[in-house]
Amino acid sequence: MRLDRIDLNLFVIFDAIYRERSVTKVAHSLNMTQSGVSNALRRLRETIGDPLFVRTSDGMQPTPVADNVIVDVRAGLDCFNRSVGKNVEFDPATAQKEFRLGMNDLAQSLVLPRLRREVREQAPKIAISTYYVDRKTAAEDLKSGSLDLLIDAPDIHAKDLDQQPLMQLPYVVAMRSDHPLATGSLSLEDYLGADHIHVSSRRHGRGQADVALRVMGKTRDIMMRVQNYLVAAAITEQSDLLWTVPRMMAEKADLHIVDPPFVIDPLVWSLYWSKSASDDPSFQWLRALIGDQIS
């Protein structure tokens with residue numbers, strides 16, 4: 001395959017289809033007609049010798065060949081962008097762009113309200129979408145460009161990612177205001193004797209409180225496990241369950257709060273992104289903005 005016989009613009013369209021999963025969205029974002037995008041995809045399929053994308057109810061899904069090609073295509077496009085647009089400045093006031101952020105509902109509730117206000121003020125045409133991302137696929141989502149930034153615990157390890165620490169969230173024990181234990185400080189005996197609710201995106205695994213208790217040779221009885229912090233707050237308000245939760249979240253709910261009767265390491269959050277986006281002015285702007293909102 002000779003490079004001088006290939007229209008390199010086809011790879012820009014390929015990258016956009018891989019990201020958007022929609023010919024219509026790509027046509028809009030690249031200011032093209034849908035037939036123009038479809039024709040470009042046809043030519044690229046002929047060049048590579050693979051369908052590349054298959055139409056499904058969830059949009060244009062990439063084939064295994066497309067999954068393999070996208071890494072090199074994005075590396076090449078990134079190289080071109082750095083070479084050609086090294087001195088191009090990003091102007092938030094006029095920029096039109098959608099950022100895709102990975103975070104759980106706790107991060108959404110603590111970060112997004114303030115972030116949205118700042119984005120609306122500084123960059124009124126910037127859109128933000130957030131998703132829950134499985135840690136098993138987070139690194140690949142960032143490297144492939146299907147995700148721009150990720151807020152998560154520092155458990156994501158990949159040589160193609162950069163990260164920066166964001167914040168530490170200390171834990172408290174929360175309970176309904178008329179709970180039998182809401183009369184003063186909480187003893188370790190009362191804590192271990194109570195039933196607990198735990199928030200986790202995983203089906204199995206320990207939380208920060210369980211790790212600390214294990215060091216002490218202790219365990220607690222988790223009677224309910226949910227994936228959503230707001231759901232946990234609602235259940236705690238209507239039950240005798242104790243909820244060991246970051247203070248910032250507990251203070252948003254109508255709950256009685258006490259200090260844990262043992263030392264729990266705080267929940268640590270970091271911000272992750274692909275190294276290929278480190279020098280992108282728009283990413284630098286958003287990373288700085290997120291850091292300002294939660295510092």
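Trainee: Let's start with the open sheet. In what order do the strands run?
Mentor: This is a predicted model, so keep that in mind. The sheet is open and has five strands, in the order 9-8-10-7-11. The pairing is mixed.
Trainee: Which strands stand at the edges?
Mentor: Strand 9 (221-226) and strand 11 (256-258). Each has a single partner strand, so one side of each is left without a neighbour in the sheet.
Trainee: And how much are neighbouring strands turned against each other?
Mentor: By 35° on average, ignoring direction.
Trainee: Back to strand 11. In which sense does strand 7 pair with it?
Mentor: Antiparallel, over three bridges. Strand 7 covers residues 171-175. For valine 173, the bridge partner in strand 11 is valine 258.
Trainee: Which strands does helix 9 lie across?
Mentor: Strand 7, strand 8 (195-199), strand 9 and strand 10 (242-246). Helix 9 is residues 229-237, and it runs at about 145° to strand 10.
Trainee: New topic: helix 1 and helix 3. At what angle do their axes cross?
Mentor: Roughly 105°, and the axes come within 10 Å. Helix 1 is residues 9-20 and helix 3 is residues 34-48. That angle makes helix 1 roughly perpendicular to helix 3.
Trainee: Which residues make the contact?
Mentor: From helix 1, Leu10, Phe11, Ile13, Phe14 and Ile17. From helix 3, Val37, Ala40, Leu41, Arg43 and Leu44.
Trainee: How many of those are nonpolar, polar or charged?
Mentor: Nine nonpolar, no polar and one charged.

Note on methods. Residues are numbered from 1 along each chain as its sequence is written. This is a predicted model: local features need pLDDT of at least 70, side-chain atom pairs count only at pLDDT 80 or more; totals for chains, interfaces and linings use all residues. Side-chain values use heavy atoms; hydrogens and water are left out. Two strands pair if DSSP finds at least two bridges between them. Helices (H or I, at least four residues) and strands (E, at least two) are DSSP runs, numbered from the N terminus. Axes are lines fitted to C-alpha atoms, for helices over the stretch in contact, and angles run from 0 to 180 degrees between N-to-C directions. Contact means heavy atoms within 4.5 Å. Angles under 35 degrees count as roughly parallel, over 145 as roughly antiparallel, 65 to 115 as roughly perpendicular and the rest as oblique. Ala, Val, Leu, Ile, Met, Phe, Trp, Tyr, Cys and Pro count as nonpolar, Asp, Glu, Lys and Arg as charged, and the others, Gly among them, as polar.
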